Amino acid sequence: MSTNTAAWLPAHRADLVVGPAAMHEPGPGEVLLRNRAVAVNPLDEVKQWTGNLMYRWLPSPAVLGEDVAGEVVAIGQGVHRFAVGDRVVAYAVGMERGRRHEAEGGFQQYTVVRADLAAPIPADLRDEDAVVLPLAISTAATALFQADHLALPHPSEHPVPTGTTVVVWGGATSVGSNAIQLAVASGHRVATTASPHNHDRMRALGAEIVLDYRSPTVVADLIDALAGSDVAGVLAVGTGSAEPSVAVAAATGARRVALASPSVSFGSLPRRGGPSLAFVRTMSRLVAANVALQLRARRAGVTARYVWGSSLMTNEVGPMLWEDYLPSALAAGRHVCAPAPEVVGEGLEAIQPALDRVRAGVSARKLVVRL
């Protein structure tokens with residue numbers, strides 16, 4: 001009989017510890033995966049580093065991790081899309097409120113996942129490539145297609161040109177790389193920002209306008225490039241992206257900005273509990289920046305809302321993405337697994353060093369661990 005092992009977060013701000021874990025059974029609408037690859041996200045590192053600042057409902061010890069790929073070993077009642085032995089990439093939602101936190105966490109050998117948040121992996125695609133997608137593409141789809149965000153028409157195999165443009169600030173990020181492709185597949189022209197060494201990659205993903213986000217004139221240059229365009233909305237990805245995104249929306253007549261990142265980085269917070277000057281400064285800056293941003297947006301007639309990627313599992317965007325769009329798009333090569341994976345180790349023990357690298361900074365790639 002198989003046994004399970006997990007990389008546990010034993011307490012707030014502690015390093016992950018590899019140890020035994022229960023083997024859980026999939027419930028109705030769920031499948032059990034034997035994970036062959038997992039990817040790490042800034043969200044995991046922020047939760048580990050900042051304790052209860054995010055995901056306060058998670059118990060200790062906890063199993064983090066959202067991106068998993070592997071093969072199906074058991075199927076729950078009512079699942080007809082998958083069979084035992086199928087290779088699958090999935091969005092593990094164990095960190096979300098109301099879920100089975102231990103069973104559905106990604107950083108373990110066996111993870112229970114929702115069948116409606118999973119897609120088959122084509123035979124010619126490696127697990128390490130597919131696993132870069134789940135959280136990033138789910139967040140991008142939520143931002144672009146959910147009714148309370150940009151509310152774009154859904155992507156399709158043969159998109160009908162809308163004559164409108166979508167701005168993705170931060171195209172080289174995991175979310176941005178997927179958002180570019182999804183916006184193009186929904187019939188939009190895309191304008192994006194990225195470092196110059198990533199410009200060719202942005203164009204390969206489908207962006208028509210690509211500008212250097214570090215340029216001191218990037219906002220003015222982007223507004224000029226969009227002159228005469230009907231801008232459907234702006235997606236802001238990356239720390240510091242919110243303010244220029246609202247400025248671009250205000251100047252181009254766009255009425256919606258989807259905010260995928262806070263205005264202030266949590267990188268300066270100490271890895272310890274209790275009050276600290278750094279914590280007070282960071283939270284004060286965060287509150288002040290958000291108040292100023294919302295006031296600026298309202299004056300310009302722009303709605304700016306924060307994106308929570310897992311909200312797609314409560315509406316039509318989830319099945320649209322994971323059941324209708326992604327399986328055929330991956331099989332046909334219409335959707336590229338981006339950013340490129342960098343395999344940083346093998347085994348659950350390699351996840352903590354990967355999280356340490358995420359904290360130090362990673363650009364235009366996703367760190368992946370083979371299991």
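1. Two rings of Phe, Tyr or Trp count as a pair if their centres lie within 6.5 Å, the six-membered ring being used for Trp. In this predicted model, Tyr55, Trp57 and Trp308 form one aromatic cluster. The count comes to 2 aromatic pairs. The rings of Tyr55 and Trp57 have centres 5.5 Å apart and planes at 70°, so this pair is edge-to-face. Planes over 60 degrees apart are classed that way. For Tyr55 and Trp308 the centres are 5.6 Å apart and the planes stand at 45°, so this pair is tilted.

2. Where do the partners Tyr55 and Trp308 lie? Tyr55 is in the loop between helix H1 (42-50) and strand E4 (67-75), and Trp308 is in the loop between strand E13 (303-306) and helix H9 (317-332), so the pair ties together parts that are 253 residues apart in sequence. Tyr55 is buried, at 3% relative accessibility. Trp57 is partly exposed, with a relative accessible area of 27%, and Trp308 is partly exposed at 37%.

3. The backbone at Tyr55 deserves a check. Tyr55 has a positive phi of about 55° although it is not a glycine. Most residues other than glycine have a negative phi. Arg13 is listed for a positive phi as well, of about 70°, and is not a glycine either. Arg13 lies in the loop between strand E1 (4-8) and strand E2 (17-21). Its relative accessible area is 22%, which makes Arg13 partly exposed.

4. Leaving aside residues up to four places away in sequence, Glu96 touches Tyr55, Trp57, Tyr91, His101, Trp308, Ser310 and Met313. Is Glu96 buried or exposed? Glu96 is buried, with a relative accessible area of 6%; buried means under 20%. Glu96 sits in the loop between strand E5 (87-91) and strand E6 (110-114). From Glu96 to Leu58 the C-alpha to C-alpha distance is 8.1 Å, while the two residues are 38 apart in sequence.

5. Two cis peptide bonds can be inspected in the model. One joins Ser60 and Pro61, with omega about 0°; Pro61 lies in the loop between H1 and E4, where Tyr55 is also found. Another runs from Ala338 to Pro339, with omega near 0°. Pro339 is in the loop between H9 and strand E14 (340-346). Most peptide bonds are trans.

6. Two arginines are placed over aromatic rings. The charged end of Arg359 sits over the ring of Trp49, 3.2 Å from its centre. Arg34 lies over the face of Tyr110, at 5.7 Å from the ring centre.

7. H1 and helix H10 (residues 351-360) pack at an angle of about 95°, with their axes 9 Å apart. That makes H1 roughly perpendicular to H10, a class that runs from 65 to 115 degrees. Which residues in H1 meet which in H10? From H1 come Pro42, Asp44, Glu45, Gln48 and Trp49; they meet Gln352, Leu355, Val358 and Arg359 of H10.

8. A further helix packing involves H9. The axes of helix H3 (residues 134-145) and H9 come within 10 Å and cross at roughly 120°. That makes H3 oblique to H9. The crossing of H3 past H9 is right-handed. On the H3 side, the contact is made by Pro134, Ile137, Ser138, Ala141, Thr142 and Phe145. On the H9 side, the residues are Val317, Met320, Leu321, Trp322 and Leu326.

9. Ser156 is found in the loop between H3 and strand E8 (164-169). At 31% relative accessibility, Ser156 counts as partly exposed. Ser156 and Ser328 are 172 residues apart in sequence, and their C-alpha atoms are 9.8 Å apart in space.

Terms used. Residues numbered from 1 in each chain as written. Predicted model: local features only at pLDDT ≥ 70, side-chain atom pairs only at ≥ 80, totals over all residues. Heavy atoms only, no water. Phe/Tyr/Trp six-rings, centres within 6.5 Å; stacked < 30°, edge-to-face > 60°. Buried < 20%, exposed > 50% of the residue type's maximum accessible area, 1.4 Å probe, protein only. Helix = DSSP H or I, 4+ residues; strand = E, 2+ residues; numbered from the N terminus. Lys NZ or Arg CZ within 6 Å of the ring centre and 35° of its normal. Axes fitted to C-alpha atoms, helices over the stretch in contact; angles between N-to-C directions. Parallel < 35°, antiparallel > 145°, perpendicular 65-115°, else oblique. Left-handed = near helix turned anticlockwise from the far one by under 90°. Contact = heavy atoms within 4.5 Å.
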